[in-house]
Amino acid sequence: MKWRLIDFEYWNAWMNMAFDEAIGEAVKAGSSPPTIRFYGWDPSAVSIGCFQSLQDEVDLTACQREGVDFVRRRTGGGAVYHDKDGEITYSVIAPEEIMDKDINKAYATICGWIIDALDVLELSATFAAINDILTDGKKISGSAQTRRGGVFLQHGTLLYNVNPTKMFSILKVGRTKISDKAISSYEERVTSILRQAKVPKDRVLLELRRSFTKGKEWESGTYTSAEKERARQLVLDRYSRQEWNSSR
Amino acid sequence: MQRVSAEMKVKGGKFVRVRIAHEGGIVFQIHITGDFFVHPEEGLESIERSLVGLRIPSTMEIVERIVNEVLANERITVIGFSSSDLADLVAGALA
């Protein structure tokens, strides 16, 4: 089965999540091939896990002040701050039967592709179950997976240039136990590519492209007009709606 | 209506918080939030619904049995906490 690779593009938070869903529907219908996409978030945004409480996780006043969007994902997992310049996001969307049947094994497989790319960039990284990648003992990547109607989706983040102060002014995590010490220790738990190696973002994207497509038959592609149209509809119906984003 | 909550970071798992509204010794509403995974995602609402009507106090064993039943009946997989973690949290919040 031939894969489609969609190179890094910026979209807003709602469209990014809507594309994952629209592509999943198209893969299910057989009208789109399995797809790997790389993307960024413009403006910067927070995505929260399907089961998280928006109020608990996100400082909405800080979001408004900083011009940061927010969206609830359809996947579980934790809140992620997607900085416009500091982060690369990926999605892998494919018929379930061509991916690992076991959820944990699928995390390990796709995280292995990221580790492969980091390895070539001379960043030593390890998979940390359930869904994280660590470099220097600190989190550099996190992923989330879902399977719906026979379609597999895993998306995740790779931190390129982290600004922990900004990240943790938006995310409430680490602030629950109010103490400066707790916050700084949380900030020390994340790292980024630029903290470990001076590599341009384009080079990182090239390595990701290589490692994600390794051993696959693939071609470069873009979103179909049907996917774009469906994604815009999903923004209206779900991702822009308060009923969805504040549902927990 | 009384409201209680409890939270835990499961060792080797995820963060889970429960918020429970109860009155007259009966659970009226329960919300489970956190950074865990539920497959399929709608399964979490089934778990929450299964605990509405729970008598207070209820032992951890009772809560665990209810949760296990709904997990099995609806083929729900949870990653990040176990039914006994959740039972511990719910029974603890209501104790």
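Guide: The discussion below concerns a predicted model, and it moves from a sheet to an interface and then to a helix.

Visitor: In what order do the strands of the open sheet in chain B stand?

Guide: The order is β1-β2-β3, and the pairing of these 3 strands of chain B is antiparallel. Because β1 (2-9) and β3 (26-34) of chain B each have a single partner strand, they form the edges, and one side of each lacks a neighbour in the sheet. From one strand to the next, the twist averages 15°.

Visitor: Over how many bridges do β1(B) and β2 of chain B pair?

Guide: β1(B) and β2 (residues 15-23) of chain B are joined over 8 bridges in the antiparallel sense. Within this sheet, B:Gln2 lies opposite B:His22 of β2(B).

Visitor: How many residues of each chain are in contact across the interface?

Guide: Chain A has 16 residues in contact with 13 residues of chain B. On the chain A side, strand β9 (residues 138-148) gives the most, with 3 residues. By class, that side of chain A has 4 nonpolar, 7 polar and 5 charged residues.

Visitor: Which residues of α4(A) are buried?

Guide: Residues three or four places apart on an α-helix point the same way, because there are 3.6 residues a turn. In α4(A), the buried residues are A:Ile103, A:Tyr107, A:Ile110, A:Cys111, A:Ile114, A:Ile115, A:Ala117 and A:Leu118.

Visitor: What span should helix α4 of chain A have?

Guide: At 1.5 Å a residue, the 18 residues of α4 (residues 103-120) of chain A should span 26 Å, and the end C-alpha atoms, 26 Å apart, agree with this. Just after α4(A), A:Glu122 adopts a positive phi of about 65°.

Terms used:
Residues numbered from 1 in each chain as written. Chains lettered and ligands numbered in written order. Predicted model: local features only at pLDDT ≥ 70, side-chain atom pairs only at ≥ 80, totals over all residues. Pairing = 2+ DSSP bridges. Helix = DSSP H or I, 4+ residues; strand = E, 2+ residues; numbered from the N terminus. Axes fitted to C-alpha atoms, helices over the stretch in contact; angles between N-to-C directions. Contact = placed C-beta atoms within 7 Å. Nonpolar A, V, L, I, M, F, W, Y, C, P; charged D, E, K, R; others polar. Expected span 1.5 Å × (residues − 1). Buried ≥ 20, exposed ≤ 12 C-beta atoms within 10 Å, placed from the backbone.
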